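Dear colleague,

Please find below the sequence and structure that I am handing over to you. My notes on the findings follow.

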Amino acid sequence: MFFPVSEYEALPRAGTGVVEGQVFMKTVGGDVKYGAGSEVLLNPVTSYSEEWYRATFIRHVSLSPADTRQDQYIRTTQADGNGNFRFAGVPPGEYYVLSDVYWQAPTQFGMSTQGGLVAKRISVENDQTARVIVTP
């Protein structure tokens, strides 16, 4: 996919918004698995990130590695032991908050990795706190 340089260059670079929330998944049995220690990303919504979202979560296909020019626009933090995270100084706009939640579960063939990638689209405004629960 073509990387839209001008679209990214037009994004605001400074802001006073806050994004905070929690990352978790529920097992089939109803147990909650937190994204403890998981990396949490705040990715601006652009035509490029929207295509990634549609491919990953709607069509369930893998895209080639992302263009590294996108990296300078993505903020990252680490969730705490309960999957809580916080970003401060966020410019106004639309974002995808994404992370992963994985755990091991016993099966008849041994331990199996379960869980996966989770994402949520949010809106951020200056001087406001956007609270988000990132779960499927």
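The largest pocket holds about 360 Å³ of space. A pocket here is an open set of points on a 1 Å grid over the protein atoms alone, where a 1.4 Å probe fits, with protein on both sides within 12 Å along at least five of seven lines; lining residues have an atom within 4 Å of a point. The volume is the space filled by probe spheres set on the points, with grid points joined across faces, edges and corners.

Please note that this is a predicted model, in which local features need pLDDT of at least 70 and side-chain atom pairs count only at pLDDT 80 or more, while totals for chains, interfaces and linings use all residues. Residues are numbered from 1 along each chain as its sequence is written, and side-chain values use heavy atoms, with hydrogens and water left out.

The lining of the largest pocket comprises 17 residues, and Tyr48, Trp52, Leu63, Ser64 and Ala66 lie nearest its centre. Helix α2 contributes the most to this lining, with 4 residues. Helices (H or I, at least four residues) and strands (E, at least two) are DSSP runs, numbered from the N terminus. By class, the lining has 9 nonpolar, 6 polar and 2 charged residues; Ala, Val, Leu, Ile, Met, Phe, Trp, Tyr, Cys and Pro count as nonpolar, Asp, Glu, Lys and Arg as charged, and the others, Gly among them, as polar.

The second largest pocket has about 220 Å³ of space. It is lined by 14 residues, with Pro12, Pro44, Tyr73, Pro91 and Tyr95 closest to its centre. Strand β6 supplies the largest share of this lining, 3 residues.

As to the strands, an open sheet is formed by 4 of them in the order β4-β3-β6-β7, with antiparallel pairing; two strands pair if DSSP finds at least two bridges between them. Because β4 (75–78) and β7 (110–124) stand at the edges with a single partner strand each, one side of each is left without a neighbour in the sheet. Within the sheet, β3 (residues 39–44) and β6 (residues 93–107) are joined in the antiparallel sense over 4 bridges, and Pro44 stands opposite Tyr95 in β6.

Elsewhere, strand β1 (residues 17–26) pairs with β8 in the parallel sense over 6 bridges. Gly21 has Val132 in β8 as its bridge partner.

Yours sincerely
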